[in-house]
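Let's take a friendly walk through this model, one feature at a time. Please keep the viewer open as you read.

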Amino acid sequence: MSIEVKDVMGRVAIAVRLDAPFTEILAAMKRFAVGAVAVLDADRRPVGVVSEDDLLLKEVDEVRHGATIFKGERRRQEQRKAAGVTAAELMTSPAITVTPGTPVREAARLMHERRIKQLPVIDPVTGRIVGTVHQRDLLRVFTRPAEELRAEIETVVRGAAGLDPSTASIGVRDGVVTVGGVVEHKSQITRLLEGVGRVEGVVGVTSELTCAHTVGVVVAPPLY
């Protein structure tokens with residue numbers, strides 16, 4: 001079962017208008033205890049994001065007062081933001097967004113690659129904001145009940161390796177799964193371990209699986 005953003009997202013759209021002044025943006029961040037807010041156009045569609053880093057540019061002297069000549073585009077953008085007073089002038093655009101149906105893994109990848117801690121969630125049809133998903137929301141997948149995890153793992157065991165869950169040993173503790181049993185071929189072990197590792201909420205996998213034609217224990221591959 002793939003867990004999607006809609007399963008963990010917050011239903012509050014943390015956002016400001018394009019013409020929101022600096023102080024209103026700061027107040028919104030303080031009120032919701034967040035490090036960034038989405039910026040919406042007149043149709044409630046995210047067009048950018050203002051982060052604490054954007055606001056702090058006003059305190060960086062070399063950005064505020066440094067000459068723009070011979071400077072790169074990034075520095076020129078920083079100086080424009082440092083001089084800005086509204087969300088439209090301060091924001092980073094375009095906004096990076098997800099939809100309620102985006103897999104949690106994809107949202108986590110976006111946050112990691114873009115080094116951001118939250119994402120506006122938009123309606124896939126209208127493009128309007130419907131909520132916000134934070135890093136801490138994504139971490140909720142690791143608090144799934146052990147019984148729920150075990151049921152999904154049993155499905156993987158049956159499908160990936162053709163192993164009867166009733167004859168296999170499956171242990172789940174603190175998100176770490178231990179799988180034991182005997183399979184016919186080594187390739188089945190690889191498929192099984194990879195499948196279990198992809199289950200949402202699994203922190204790690206320990207293998208006690210053996211091959212019918214090989215004596216020994218196969219070490220589980222690392223999770224990425």
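## Ground rules

A residue is called buried when its relative accessible area is under 20%, exposed when over 50%, and partly exposed in between, using a 1.4 Å probe and protein chains only. This is a predicted model, in which local features need pLDDT of at least 70 and side-chain atom pairs count only at pLDDT 80 or more, while totals for chains, interfaces and linings use all residues. Residues are numbered from 1 along each chain as its sequence is written, and side-chain values use heavy atoms, with hydrogens and water left out.

A salt bridge here is a side-chain nitrogen of Lys or Arg within 4 Å of a carboxyl oxygen of Asp or Glu. The structure holds 11 of them. Arg144 takes part in two that are worth a look: its closest N–O approach is 2.8 Å with Glu148 and 2.9 Å with Glu152. Which of these residues are buried or exposed? Arg144 is buried at 10% relative accessible area, and Glu152 also counts as buried, because its relative accessibility is 13%. Glu148, at 36%, is partly exposed.

Arg150 and Glu154 meet in another salt bridge, 3.3 Å from N to O. Both lie in helix H8, four residues apart, or about one turn of the helix. Helices (H or I, at least four residues) and strands (E, at least two) are DSSP runs numbered from the N terminus. Arg150 is partly exposed at 31%, and so is Glu154 at 24%. Elsewhere, Arg17, Asp19 and Glu24 are linked in a salt-bridge network.

Strands S2 (residues 36–40) and S3 (residues 46–51) pair in the antiparallel sense over five bridges; two strands pair if DSSP finds at least two bridges between them. Val37 has Val50 in S3 as its bridge partner. Five residues sit between the strands of this hairpin, and Arg44 there takes a positive phi near 65 degrees. Arg44 is partly exposed, with 44% relative accessibility.

## The S6-S7-S8 sheet

Three strands form an open sheet in the order S6-S7-S8, with mixed pairing. S6 and S8 stand at the edges with a single partner strand each, so one side of each has no neighbour in the sheet. The twist averages 10 degrees from one strand to the next; axes are lines fitted to C-alpha atoms, for helices over the stretch in contact, and angles run from 0 to 180 degrees between N-to-C directions.

S7 and S8 run parallel, joined by eight bridges, and Gly180 stands opposite Glu208 in S8. H9 packs on the sheet and touches S7 and S8, its direction making about 160 degrees with that of S8. Contact means heavy atoms within 4.5 Å.

Most residues other than glycine have a negative phi, and most peptide bonds are trans. Asp174 has a positive phi of about 55 degrees although it is not a glycine. Asp174 sits in the loop between strand S6 (169–173) and strand S7 (176–183), and is exposed at 70% relative accessible area.

Where is the cis peptide bond? It joins Ser93 and Pro94, with omega about 0 degrees. Pro94 lies in the loop between helix H5 (87–90) and helix H6 (104–114).
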